Amino acid sequence: MTAVTLETRNLTKTFGALMATTDVSFRLEKGARHALIGPNGAGKTTFINLLTGVLKPSDGSVMLEGKDITALRREGRVQRGLVRTFQINQLFAGLNVVESLALVINEREGQGWRWLKPAFDAPGIDDEIAGLLSDFGLDSVFDQPCSALPYGKQRLLEIALAVACRPKVLLLDEPAAGVPEADRKEVMSRLAALPADVSILLIEHDMDLVFNFANRISVLVAGALFAEGSVEEISKDQRVKQVYLGGAAHA
Amino acid sequence: MLTLLFDGLAYGMLLFVLSCGLAVTLGLMNFINLAHGAFAMAGGYVTVLMTNRWGVPFLLTLPIAFMVTAIAGGLLEKALYCRLYDKTHLDQVLFSIGLVFIAVAGVDYLMGSQQQILNLPDFLRGRFTVGGIGIGVYRAFLVVVCGLLAIALQLILAHTRFGSRLRASVDDRRVARGVGIRVNVIFAVTFAIGSGLAGLGGALGAEILGLDPTFPLKFMVYFLIVVSVGGTSSMTGPLVASILLGVADVLGKYYVPSLGGFIIYIVLVAVLVLRPHGLFSRAA
Amino acid sequence: MMSVREKRQSATAEAVRSVMKRHGRWSRLEIGFWLIAVAAWFLLPGEHLILTEIVIFAILALSIDLVLGYAGIVTLGQAAMYGVGAYASGLLSIHVTGEPLTGLLVAALAGALIAFPTSFLLLRGADLTRLMVTLGVAAVLHEIANQASWLTGGADGLQGIAIDPLFGTFEFDIYGHTGYAYSLVVLFILLLLARFVTASPFGYSLKAIRDNPLRASAVGIPVKARLVAVYTLSGAYAGIAGALFTQTQQFISLDVLSFQKSADGLMVLVIGGTGYLYGGLVGALAYELIQDALSSVTPQYWQFWLGALLIAFVITGRDRPRQLINSISARISRPRQPGRLDAVTVADKGKPT
């Protein structure tokens, strides 16, 4: 049996009478490349917010490596290795690329409260940053402020910031959203090169990306898990085609 | 006791007229305008000048005070305020503090720093008694005028085309422009009316609140409290907040004079801690 | 293939190191600034009173910069901590000891003590809520000081403050000779500390929170705890500024807790520019110069022109002074020898102790 890194048990979220997430029991295996798809309004964002602790579930629990993290705050979950990226870039506009990465690394290393020590003094931090820069094609812009980067680079930095947290589980929220066609390939190949031991849950609309990247797919419809299976199973599943793929235009 | 309650009611209604303009600019248009009190002060000085120096009847000065401050507000909106809608809150704070400084020093220069005394006409002075409650004539006058204004405002905002256009412009400027609403004009008119109402409030309140050049600073906090406590989803919130604040302030200053000065701040901080978006806002 | 990659990576690491090294280094402009400030003690003995005022203002503005410029909290109530620091040190000198350094320490604690609980009220809500809370707390303290006249002297001000000579030797004279030197050294130490703090992992996490609190929490930064910490630190700074005011003026009135004080502090900071620590200094200097120039033209109504200036300043863009300073700084620091500059850095860091 393969190890499970992230698991939800009967996860439920209601807003008043609205069931945004209904009884979702979901497992993410170690090293998985797992995609979560679903039509607009299926509750993908709510699900992510429940996983990362932005929202509190009405019922059910979230487990990370067998430990219940349902009551943990956002930053506590990050420190334990559950990290997300955002559909809309969330960067530190006033800082440059190196500073952004450095502060994330410092935080990860538990240095965030050090208030008299220079931020760039940690041993090996320069090499680690250089590694991230070249992994994500950011070497050419390393000293530029995040707000001045071209969109494609911003998108890569968005992912690099999450990777700098050394996640065990990485939640990628539409990583290719808004990326111009010319830069798309680069984003996709950078994603493919992410370390194999990181378990990845990809939330995506773009079926090309899903079929290229994932080896397992879950389909969320109206807040509930509708289907789950290998890429092949899902792409052949008639019910999924009906609710989601429509005419299967992308597949 | 009931007399005090009535005084508090009158005071609260007055606060409402003074701050309802701010409820729209700050609450709906999301502009932090600390200079709102400057318009109120302008209205107050218009009335005092006209009644005391030129002998214009008090009642006639009220619409004039409204008009003068509305025009001033409209001009300032077109010239300056409109450039700041998209800037940060810090910019708006600094800008409006700058305006306050100008207003305070300017009035000081023109009118002197002394407290202005308004000569009310005889028929608004004195008291009468209803069922054993002594009521000041002017206080009763305030309650009636401000009450009518509040009702009129609510009707305008909820039921006229202007009201619905304003709400549309506030919700999403681009969409509103897209469907042919002249957002800039709507904002300018709204701002002018809000300033005008502040001016009217200042004119009505010159007698009760006192009028000197530091007026905008002294009452800034009151207006902000009304808006932040009352929320902005309708005119009812600020109205209720104004009345509560008025009554609490009057009663507080009467019964516990030593605490009277900071009851309102304690109320403010308590409300903001419990309901950061205001008491009467829709649940966040 | 790997070796090319590795080579590129080590070149990048080298470049990253060079960027990192640039951080925290003293620029020539900065050093020049301090030299001028020290020279002013010798060259402008007649101006020491006003220079002291500038320095105290600068510390107040620096305390605001820590929360506004680095953590993004808009505040209109810094006078709360400034005033409490002023009263704490004044009362200490009357009832316990007039020793000035103890006074600074007590004032710092008092400022932090007010700031700490206040900061929890700032964690929820947006700019307006924060404005109202900071303003409200300052107003409550103002009213308390007004009512508790048995302790504070109320509206008449606190009388009978007597400050001992500094280190038992340097009398606080009426010309402000001691006062200026004393305040300047305090400012230098506080600025040095702030420099360390803002260049630390803690400091960078604040900037991250300022720029994007959502992302900050998503990379594991405990946003609320950091904000509490920096607001408390800023409270201590403001408290020290208040104590300096008390000790150099030897008189306090309710003004130290007024809205005007908070607004002035904010204004001074913004005139000089936020987020680079020197904004308060530059702003305080500019503010005093402007006040001086304007009040010689229109003695009573200089605030009118100040207001007009503030409006013009906001309309044309607040970034201007910062940009100007950056460009001056870039112009005067030509390519330099790292060894020599490091020596300067060490020498400067060693100075205050």
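**Exercise 1.** Which helix of chain C is the place of C:I94 in?

*Solution.* We're working on a predicted model, where local features need pLDDT of at least 70 and side-chain atom pairs count only at pLDDT 80 or more. Residues are numbered from 1 along each chain, and chains are lettered from A in the order in which they are written.
- Step 1: look for the helix (a DSSP run of H or I, at least four residues, numbered from the N terminus); C:I94 sits in α4, residues 79-95.
- Step 2: C:I94 has a relative accessible area of 31%, so call it partly exposed, between buried (under 20%) and exposed (over 50%), with a 1.4 Å probe and protein chains only.
- Step 3: list its contacts (heavy atoms within 4.5 Å). Leaving out residues up to four places away in sequence, C:I94 touches C:L158, C:Q159, C:G160 and C:I161.

**Exercise 2.** Describe the contact between chain C and chain A.

*Solution.* 
- Step 1: count residues. Chain C brings 40 and chain A brings 46.
- Step 2: get the buried area (accessible area, 1.4 Å probe, that two parts lose on being put together, summed over both). That's about 3600 Å², with 65% from carbon and sulfur atoms. On chain C's side, C:M20, C:P201 and C:R215 supply 19% of the area buried against chain A, more than any other three residues.
- Step 3: find salt bridges (a side-chain nitrogen of Lys or Arg within 4 Å of a carboxyl oxygen of Asp or Glu). The rule gives two across this interface. A:E158 pairs with C:R215, closest N and O atoms 2.5 Å apart.

Notes
Side-chain values use heavy atoms; hydrogens and water are left out. Helices (H or I, at least four residues) and strands (E, at least two) are DSSP runs, numbered from the N terminus.
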